[in-house]
Amino acid sequence: MVKPFQFARLPKILFGAGRIAELPGIIELYGKRVILVTGKNSFISTKQAAQLFNDFEKTGIEYNLLNVSGEPSPGVIDQAVKRFNNEEINLVVGIGGGSVIDAGKALSAMLYKKEPIRDFLEGVGHKEHPGTKLPYIAIPTTSGTGSEATKNAVISEIGKDGFKKSLRHDNLVPDIAIIDPELTLQCPKNITAASGLDCFTQLIEAYLSDKSNEYTDALALEGLKEVNDSLIRCYLNGENIEARTGMSFAALTSGICIANAGLGVIHGFASSIGGMYNIPHGVICGTLMAKSNEINVRELRKKTDNHNGLKKYSLLGKLFLGGNDKKNDYYIDGFIQHLFNITLDLQLPGLKEYGLIEKDVELICKETDIKNNPVKLVVEDLIEIIAGRL
Ligand SMILES: [Fe+2]
C-alpha cells in the first residue's frame, strides 16, 4: 500500500543542450535589471557567456555581475545585499556550480531585508525566514548538488567554531531551473569526479532514507540508472555530451529526491567536517561514500535479513552489477565493492590530503547528525568510517 507522503514544489524545469539561449527571453518576463551570480572561472570565460552578454546588450538587459569563489559565507551574502540594497533589481540569476547556485538563492532571499543572513540559518540564528524573495533562475554548470531543485542554500563559516548550515524555506525553490548539459562540458576532471559522487551519494541516501516514499524511490532509481551509464564516461571524456546529459539529469533528480526524502550519514559528515575544514562538499561525500555504506550494511545485517534497507541495497546491486538470479547478499556485497572501486577509479583523495587530523576525528563524530540514515549508527561506527578514509 502506498504510504502517506508529501512532495515539495518544483522549479519550472527547462532541460536540454543549448537551452541557455532561452535565458534573455525568460529574464524579460520579470524585468530588465538582473544580478548575475557566477563562479571565479567556470562560466564567464565560455563562448556561451559571450553569446549571452551579446544577447543582453541587444535586448537591453542590464546586469550586475557578482563573483563568488568557494562556498558562500554569511559575510559574502551580507556584503552583496549591502552592495545592491539601494538598487532596483528585478531578479537574480545564478550560473555556476553548487556554491554559486546556493549564493544566488540566498541573495534572492536576503535582498532588501535588514537583518544579517546568520539570524536565519538553521541551528545558528533564531529567526524564521519569511519566504519572501526576488525571482530566482538557477543554471548549473556542474552535475552535483542538484541545488537548482532544492529549497535550501548552504552557507559556510569555516574554522574552529565553524558551521555549514542552511537557509531554508519552501518558497526558496528556484522559480526556473535551466539545465543545459553543454555548460558542463568544460568542467574539470576532479570536479566532475567529486560533484558526480556527490550526486551519486544523494541519490543513494534519498533512496535508503527512512523518509523515502514511492515517488522519491522511482525518481532515485531513474537518476541512479543515469549515474551507472554516465559517471565514468564523463570522467574519462568530459566532451561526451551524451554522458554529460545523463549526469545533468542525475544531478537534477538527486536534488528533487533529497528535497523530499532527506539524506543520510554521509551528508551528516559533509556538515560536521565541512564546517571545520575547507574541503569541497563533493570530496567529503565521494571519499566517505563506500565506507559509510559498508558500515550501514553491517549494522542493518545485525537487525534482520528482511530489513527494507537491505532489500534496497540488493536492488542497487542488481542495477549496478546486472543480473537477477543470485542471492540478495551477492548483490549487496557486490554493490559495496562497486562503490569502493568507483572511489578508486575516480581518484578521490583521502581526508588527510586536505589537512584533517586524527585528533579532531572524535569531536567531528560527536557533532555528526546521521539525518535520515536507514539504520542508527553510534559514535564508534562514525569514527570507523572516517578512519577508513583519512
Ligand atoms: Fe551533497
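Q: Into which domains is the protein chain divided?
A: In this predicted model, the protein chain is divided into domain 1 (12-184) and domain 2 (189-387). The centres of domain 1 and domain 2, taken over C-alpha atoms, are separated by 26 Å.

Q: How many residues of domain 1 are in contact with domain 2?
A: The size of an interface is often given as the accessible area lost when the parts come together. Here contacts are counted instead: 22 residues of domain 1 are in contact with 26 residues of domain 2.

Q: Which residues touch the most other members of the largest nonpolar core?
A: That core has 115 residues, and those touching the most other members are Val37, Ile77, Val93, Ala106, Leu107 and Leu203. Because domain 1 (12-184) and domain 2 (189-387) both give residues to this core, it lies between them. As one case, Val93 touches Ile27, Val34, Leu36, Gly104, Ile137 and Ile139, leaving aside residues up to four places away in sequence.

Q: In which sense do strand 6 and strand 7 pair?
A: In a regular strand the side chains alternate between the two faces of the sheet. Strand 6 (residues 152-157) pairs with strand 7 (residues 163-168) in the antiparallel sense, over 6 bridges. Within strand 7, Leu167 is the bridge partner of Ala153. The two strands form a hairpin with 5 residues between them, and Gly159 in the turn has a positive phi of about 145°.

Q: Where does helix 9 bend?
A: An α-helix has 3.6 residues a turn, so residues three or four places apart point the same way. Helix 9 bends by about 50° at Met289.

Q: What span should helix 9 have at 1.5 Å a residue?
A: The 23 residues of helix 9 (residues 281-303) should span 33 Å, which agrees with the 31 Å between its end C-alpha atoms.

Terms used: Residues numbered from 1 in each chain as written. Predicted model: local features only at pLDDT ≥ 70, side-chain atom pairs only at ≥ 80, totals over all residues. Helix = DSSP H or I, 4+ residues; strand = E, 2+ residues; numbered from the N terminus. Expected span 1.5 Å × (residues − 1). Bend = angle between axes of the 7 residues up to and from the residue. Core = buried A, V, L, I, M, F, W, Y, C linked by C-beta atoms within 7 Å. Buried ≥ 20, exposed ≤ 12 C-beta atoms within 10 Å, placed from the backbone. Domains from an automatic or database assignment. Contact = placed C-beta atoms within 7 Å. Pairing = 2+ DSSP bridges.
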